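Please consult the sequence and the structure alongside the text.

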Amino acid sequence: MHGLMQNFPLLVPSLLEHAEQVHGNVEIVSKRLEGDVHRYCFPDLARRARQLANALQRLGVGEGEVVGTIAWNGYRHMELYYAAPGMGAVYHTINPRLSAEQLAYVIAHAEDQVVFVEAMFLPMLEAIADQLVGLKAIVVLCDEDELPASSLPGVLAYESLLAAESDQYQWLELDENRAAGICYTSGTTGNPKGVVYSHRALVLQAMNTVIGLELNSRDVILPIVPMFHVNAWTIPFSAALLGTKLVLPGKDLDGASIHALMESEAVTFSAGVPTVWQMLFDHLEQTGERLTTLKKACIGGSAAARSMLETFRDRYGVEPLHAWGMTETTSMGSAPILTPAVISAGDEAVMDAKMSQGRAVFGARLRVVGEAGEPVPADGASSGHLQIQGWAVAQEYFKRSGRDEWTDDGWFDTGDIATLDAEGYLRLTDRAKDVIKSGGEWISSIDLENAALAHPDVAAAAVIGMRHPKWDERPLLIVVLRSGAVLDRDSVMATLSERVAKWWLPDDIQVVDALPIGATGKVQKNLLREQFADYQLPTASIQPAAEHG
Ligand code: AMP
């Protein structure tokens with residue numbers, strides 16, 4: 001027997017239609033590259049998205065075709081998020097920090113028909129002009145009078161393109177499994193791999209984000225996580241669904257700019273990678289300013305340090321929310337929802353749980369397996385390869401570039417090493433390729449880095465495995481010190497000793513001015529390994545003092 005409910009597909013523009021009809025007075029506030037703050041409401045966004053859909057058609061973008069965006073978080077980027085999928089095309093968000101070679105690769109691989117670009121990124125396209133012959137147009141996200149002179153032929157101004165179009169457009173009734181967006185992974189080796197999001201996955205994840213981050217209609221939401229990185233964790237779509245004011249920060253992600261925007265727009269919820277939160281903390285520390293409206297801060301993309309969660313909670317009265325996800329999981333795969341048992345166990349138990357990467361979101365299944373694919377007990381201690389299945393998890397990469405990531409029984413291997421406990425809390429200990437294997441035992445670089453960050457002089461930390469004649473690998477701790485600090489080895493070692501097993505202690509500590517940070521805010525350990533390729537651990541010729549056990 002069939003259910004007798006009306007059958008409406010889950011389509012991206014349905015979020016916008018809902019916001020237009022039900023949340024008509026809710027604002028979208030954007031810090032513009034032009035320097036001012038732009039405001040309008042959801043019905044204005046909907047109207048301009050319809051104009052944009054007409055413009056895309058006029059430019060010759062057909063159903064199933066792809067349009068690239070190289071843009072910050074702003075209202076015009078939001079319009080593209082709706083217009084492209086709504087007329088059957090696909091948005092392809094491009095990370096502006098890609099190298100010229102990677103940029104040319106993703107534009108060609110995705111077969112972008114049109115690229116929408118911020119004026120400041122136009123030179124990136126000019127530098128690869130000879131590889132853009134397939135494009136139908138390049139559109140700069142600006143007014144006609146701000147259109148920069150360019151060596152590229154026929155560059156158009158976004159506002160003129162829109163102004164010529166009707167605001168009448170009927171969003172297409174598509175199959176919900178059709179493609180809506182593409183984002184390429186930020187892998188450090190080989191070519192980037194395209195993940196193709198369906199309308200259905202984006203809508204379901206927009207709902208999951210509301211649940212997982214416990215958002216509500218009284219929130220004012222500022223996604224610092226860029227819209228070119230994993231759909232800004234689907235947070236902008238959740239705003240349309242809930243009717244929350246959305247604040248989009250543009251290009252200025254430094255602590256002072258983010259703080260000013262949070263205060264002036266009364267932001268209650270924000271989300272970003274640890275690096276941006278550290279920039280905000282540095283600013284607050286220097287100025288003595290406070291966070292007077294912020295209530296919740298989501299940290300993701302890299303492991304959050306306990307000291308970061310504690311600073312949010314204890315110094316600023318902000319609830320930290322630590323979540324995990326990947327390009328391949330549309331947005332969050334696990335969310336920081338606490339169990340009643342943890343809450344009743346008190347503040348430190350809550351903080352321990354918050355240090356985990358959360359628990360599986362509805363629609364995602366997590367499992368941890370050993371080297372041969374055998375199940376690993378969910379005891380919170382046994383670690384293995386983290387695998388995921390679910391409605392918002394990729395089943396293959398665009399044009400099938402790479403199959404190794406999927407198991408024969410259909411699970412996606414995340415490349416993360418983790419534990420799960422009986423209550424479903426996920427704890428990441430490493431990336432598989434970063435794991436340090438000492439005498440056959442794994443040392444968690446994430447835990448060691450976290451322990452190092454508890455030292456007051458350590459501003460940033462990374463641990464890499466170095467070759468060792470006896471133990472195969474031993475950890476090297478690389479730190480960036482706070483300004484004015486001098487490395488006190490014994491004191492850092494003492495801090496570590498309080499937090500990790502003796503045989504985990506690094507064989508040496510090296511100081512650098514800065515860690516190499518990649519396009520999505522993660523420490524690039526492959527570059528650190530290159531940087532330290534000729535380095536030899538002091539213990540490499542003698543036996544380390546610490547014994548395993
Ligand atoms: P990306 O596809 O660029 O978003 O990278 C996904 C990877 O980032 C994951 O596989 C993890 O290794 C890492 N990651 C994301 N969130 C977290 C987190 N909360 N803690 C630790 N690592 C994380």
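## Criteria and model

A salt bridge is counted here when a side-chain nitrogen of Lys or Arg lies within 4 Å of a carboxyl oxygen of Asp or Glu. Side chains of opposite charge can pair when their charged atoms come close.

The model is predicted: local features need pLDDT of at least 70, side-chain atom pairs count only at pLDDT 80 or more, and totals for chains, interfaces and linings use all residues. Residues are numbered from 1 along each chain as its sequence is written, and side-chain values use heavy atoms, with hydrogens and water left out.

Aspartate 508 and arginine 489 form a salt bridge through their side chains, at 2.7 Å from N to O. Because aspartate 508 belongs to strand β26 and arginine 489 to helix α15, this pair ties together parts that are 19 residues apart in sequence. Helices (H or I, at least four residues) and strands (E, at least two) are DSSP runs, numbered from the N terminus. Aspartate 508 is buried, at a relative accessible area of 10%, whereas arginine 489 is partly exposed, at 39%. Buried means under 20% relative accessible area, exposed over 50%, and partly exposed in between (1.4 Å probe, protein chains only).

A further salt bridge joins arginine 474 to aspartate 507, with 2.9 Å between the closest N and O atoms. Arginine 474 is in strand β25 (residues 472–481), while aspartate 507 is in the loop between α15 (489–497) and β26 (508–511), so named parts of the chain 33 residues apart are linked. Both arginine 474 and aspartate 507 are buried.

The whole structure contains 36 salt bridges. One of them connects arginine 76 with glutamate 34, whose closest N and O atoms are 3.3 Å apart. Arginine 76 sits in helix α3 (residues 75–86) and glutamate 34 in the loop between β1 (27–31) and β2 (37–41), so the pair ties together parts 42 residues apart in sequence.

Arginine 76 is buried at 6% relative accessibility, and glutamate 34 is partly exposed at 28%. Salt bridges with shared partners join Arg32, Glu34, Asp36, Arg48, Arg76, Glu79 and Glu159 into one network.

## Cysteines

How many disulfides are there? The count is zero, a disulfide being a pair of cysteine sulfur atoms within 2.5 Å. For cysteine 298, the nearest cysteine sulfur is that of cysteine 183, 17 Å away. Cysteine 298 is buried, with 2% relative accessibility, and cysteine 142 is likewise buried, with a relative accessible area of 3%.

## Helix packing

The axes of helix α7 (residues 199–212) and helix α8 (residues 235–242) come within 8 Å and cross at roughly 80 degrees. Axes are lines fitted to C-alpha atoms, for helices over the stretch in contact, and angles run from 0 to 180 degrees between N-to-C directions. The helices α7 and α8 are therefore roughly perpendicular, a class that spans 65 to 115 degrees (under 35 is roughly parallel, over 145 roughly antiparallel, and the rest oblique).

Leu202, Ala206, Met207, Thr209 and Val210 of α7 make the contact with Ile235, Phe237, Ser238, Leu241 and Leu242 of α8; contact means heavy atoms within 4.5 Å.

In helix α9 (residues 255–264), the residues Gly255, Ser257, Ile258, His259, Leu261 and Met262 are buried. Their cover includes β1, β10 (220–223), β11 (245–248), β12 (269–272) and α10 (274–287). Alanine 266, which follows α9, has a positive phi near 55 degrees.
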